[in-house]
Amino acid sequence: MGIPYLFNLLFLILPLVFFTNTSEVFEFNKLVTVYLFTIVIVGLWIIKMVLQRKVIFRRTILDIPLLLFLGTQLLSTILSIDMRTSIFGYYSRFNGGLASLLCYALLYWAYVSNVSEKENRKNIIVLLISGVIVAIYGTLEHFGHSVSCVFVTAKFDDDCWVQDVKFRVFATLGQPNWLAAFLTSIIPLTWVLTISNVGKNVRQTLVNKKFWMWSVVSFLFFSTLIFTRSRSGLAAIGLGAIVFWGGTLLFNFTQKGKLNLKKLSTSGIVFVVINLLLILAIAIFGTPWTPSISEFINKQKVKVEASSTTGTTALETGGTESGEIRKIVWKGTLDIWKAYPITGSGVETFAYSYYQFRPVEHNLVSEWDFLYNKAHNEFLNYLSTTGTLGFLGYMGLIIASLYQIGKNKNIALLAGYITILVTNFFGFSVVLISFLSFIFPAIALVNANLDKWSEKETELKFDTDSKKIWVGIAGFGMLFLLVLVGRYWQADYFYSLGKREYQAAKYTNAARDIRSAINLSPTEAVFHQELSTQYANYALGLLEQKDATSAATLAEAAINQGQDALEMSPRNVVIRRAYISTLINLSIFDQSMLTSARDLLKDTMALAPTDPRLPFTLGKVYYRMGQDGEAITALEKAVELKPNYEDARIALEGLYKKDGKLDKAREQLEYVLKYIAPDDASLKEELNSLGK
C-alpha cells in the first residue's frame, strides 16, 4: 500500500520543510506536514487491513505506556484552562498539543506494523541524507550564504535574516538549539555505519570508501553542531558519545564476559578516526568554551553567546545570563504545578499559567517583557501543564522507550535518544525532535528483526460489497481530514498575509485576508484579536480624515472582534492586553471604554499579578479619567514590581509634580539618572527645574 515509501518521504522532507509566507516559518509547516502524513499513512493502513481482511497490529513494549501517556494528556486537555490551545498547541509554537502527540503515537504504531527490516535500513539512510542537506545548508550559512535568502530575496547571501546567522546557524530548523538537537540525535547513526564498514584488518578498513564517507558525514554534522554554538547540544553529544562507545564496547566487543581482542583491534580504528576528526573540527572552528586555532594564535576573545537568533526567546539572546533566567522560570514553573498538582493547567498552556505564578524577580532581568510559552525544560513543562499524572506518564514513556531500544542493543539509537533527553532538559521539544523521540524506539524494534515478534491478527469478516463500503468510508475520512488540515494551513497563510499587508499600509486587503482566515478557522482567537487591532487603527485613521460615520462603524467592529477573541481565550494575557489597548485607543469615540479598560485591567492583574505593565497601563487609564490619586497608586505598584521601570518612574514624576509633591518627583528622576539613564540630558534639565 506504499506505507514504507511514505515513511521514506517523511524522513526525507520533515527536516527540510519551511515556508516563509506563514506566521511561523519552520515549526508550523513541519507540524502540518506531520498531520498530512499521519492522515494518509493511517488511512492507507486501515484500507490495507480491510483489503486483507485482518487486523494488522504488532504488539510492542510501548503499547501500554503510550496509551497511559495519551490518557493523561487527554485528561489534562479536558480539564485545561484553554482547551483549544491544549488540542492544537500554543499559536506560534504549535508542537506539543494533544493533536500532535496523537499523530506521533499513530506514526509509531503504523511504523512497527508496516515497515520491514530492509525498509527500516533505507529509512535510516534517508534520514541521514536529509541530515547532510541540512548540515550543508547550515555550513553555508556560517560562511555567509543562506539558501533561504535565494527564495526570499533571490540573493545567495544572509541579508534576508535579521539574526546573525553566520555566528549561530539554524538552517531549516529555525533556531540554533533546535538544529543542534537534531544533529546530536543522528550523529551516533553515522558512527554505527562507520563501524559496519570496518574490514577484516586495518588496511581493508582504510581503503573502504563507505568507511570514509560516513566518517566525513560525522565530521560534517559535528562541525555544523559547532556552528550552532549550542552549549546544550555539545553537552548532549558528549554524553551521547560516552553511551555509544561504552555500549559498543559492552555489546559488540565482548564474548562471555571476555574482551574479543581481534574485533576490538580491527574496530578500534573507528574510534580513533572518528574522534580525531571531531578534535580536528574543534581545533579548526572552536567551541563556546574553547578558541579555534586562529583565535588562539591571534589572541582573539571568543564570544560565548550570539547577540540575536531566529525564533528568539529570552533564554537564547543577550542580556541576563540564560542560566539565571532559567532558575527564575523554573521556580515559577514549580509554582504552577503546586497550584495544579494532579492534571496541570492544561496541555501547552504554559504561556497563560506562567503569568499567574511568574516570580517578581523576573522583572529585573533584561528580558523581563518577553513572552514565555514554554518552561525551557521539557520535563518541568510537562509537570506544570499536565500535572503529576502527565509527568509520570511522560517519564513512563521515556523509561519504556529506553528499555525497548536498549533491549534490542541498538546503541546508536540509544545514544541518539539520550541526546534528545539532554537537549530537552535545557530547552523543549520541537516537531522534528518529538517525531524522532517517538520513531527511534520503532526503528530499534524493527531493526532487531520484527518478524520474530508476535503479530496480533484478527480476521475481519467482510464480503466483497462490505469491503468496498469500508474502503470508501476510510477513503472519505482520509480526504475529509486532509481538507481540514488544508483549511488550517490556509487560514494561517491568510493571517500572515493580512499582517504583512497591514504593515505595507494596504489596509483594505489586510482586513479582507484576516477575515478570510477567520472564515476558515472561526475559533482561532489570535485571528479575531488581529482584526480587532486593525479595525481600531483604521477607525482612528478615518476619524482623522473627518469620516466620523465610517470610523464609528469600524470602531464598533473592532470592539466586537476583541470581545470575541477574549471569549475564545479568556486566560490569554497577550490577547487581553491587546484588547485593553484597543479600548483605550477607541475611548475617543466613547469615554465609557476607559471604564471597560479599567475593569479589564483589574481582572487581568489577578491573572498576571507580577506583570508591571498592567498597573502602569492602569495608571495611564486613571490619569485619562481624571483620577490622579488612583493613577499614582497604580504607578507606585508598577515601580514596586519593577524598581527600574523607567517609563513608570517618569510618569510618577509628572503626577507628583502636578500634585505639588516635589520631593517625591525628584526621587523618581534621581533614581532614573543614577540607575537607568545616567546620560539623559532632558531628565537632568527636568531635575534642575524642580529645584532642591
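How many helices and strands does the chain have?

1. The chain has 29 helices and four strands, where helices (H or I, at least four residues) and strands (E, at least two) are DSSP runs numbered from the N terminus. This is a predicted model, in which local features need pLDDT of at least 70 and side-chain atom pairs count only at pLDDT 80 or more, while totals for chains, interfaces and linings use all residues. Residues are numbered from 1 along each chain as its sequence is written, and side-chain values use heavy atoms, with hydrogens and water left out.

2. The C-alpha trace spans about 90 × 75 × 50 Å along its principal axes. Of the 692 residues, 55% count as buried, a term that stands for under 20% relative accessible area, with exposed meaning over 50% and partly exposed in between (1.4 Å probe, protein chains only).

3. The structure holds 44 aromatic pairs, counted when ring centres of Phe, Tyr and Trp (its six-membered ring) lie within 6.5 Å, with planes under 30 degrees apart taken as stacked, over 60 as edge-to-face and the rest as tilted. One of them joins phenylalanine 18 and tyrosine 137 edge-to-face, at 6.4 Å centre to centre and 90° between the planes. Because phenylalanine 18 lies in the loop between helix H1 (3–13) and helix H2 (27–52) and tyrosine 137 in helix H6 (residues 117–142), the pair ties together parts that are 119 residues apart in sequence. Tyrosine 137 is buried, at 7% relative accessibility.

4. Tyrosine 493 and phenylalanine 494 also form an edge-to-face pair, since their ring centres are 5.9 Å apart and their planes stand at 70°. Tyrosine 493 is partly exposed at 25% relative accessible area, whereas phenylalanine 494 counts as buried at 19%.

5. Elsewhere, ring pairs link Phe28, Tyr35, Phe88, Tyr91, Phe94, Tyr488, Tyr495 and Phe527 into a cluster.

6. At the surface, Leu74, Leu75, Ile78, Leu79, Met83, Ile342 and Leu389 form a nonpolar patch with about 630 Å² of accessible area together. Helix H3 (residues 63–78) gives the largest share of this patch, three residues. Isoleucine 78 has its place in helix H3 and is partly exposed, with a relative accessible area of 49%. Patches are made of residues with over 30% relative accessible area and no salt bridge, like charges being joined within 9 Å and nonpolar side chains (Val, Leu, Ile, Met, Phe, Trp, Tyr) within 5 Å.

Key
Areas by Shrake-Rupley, 256 points an atom, 1.4 Å probe, with all protein chains shown as cover. Salt bridge = Lys/Arg side-chain N within 4 Å of Asp/Glu carboxyl O.
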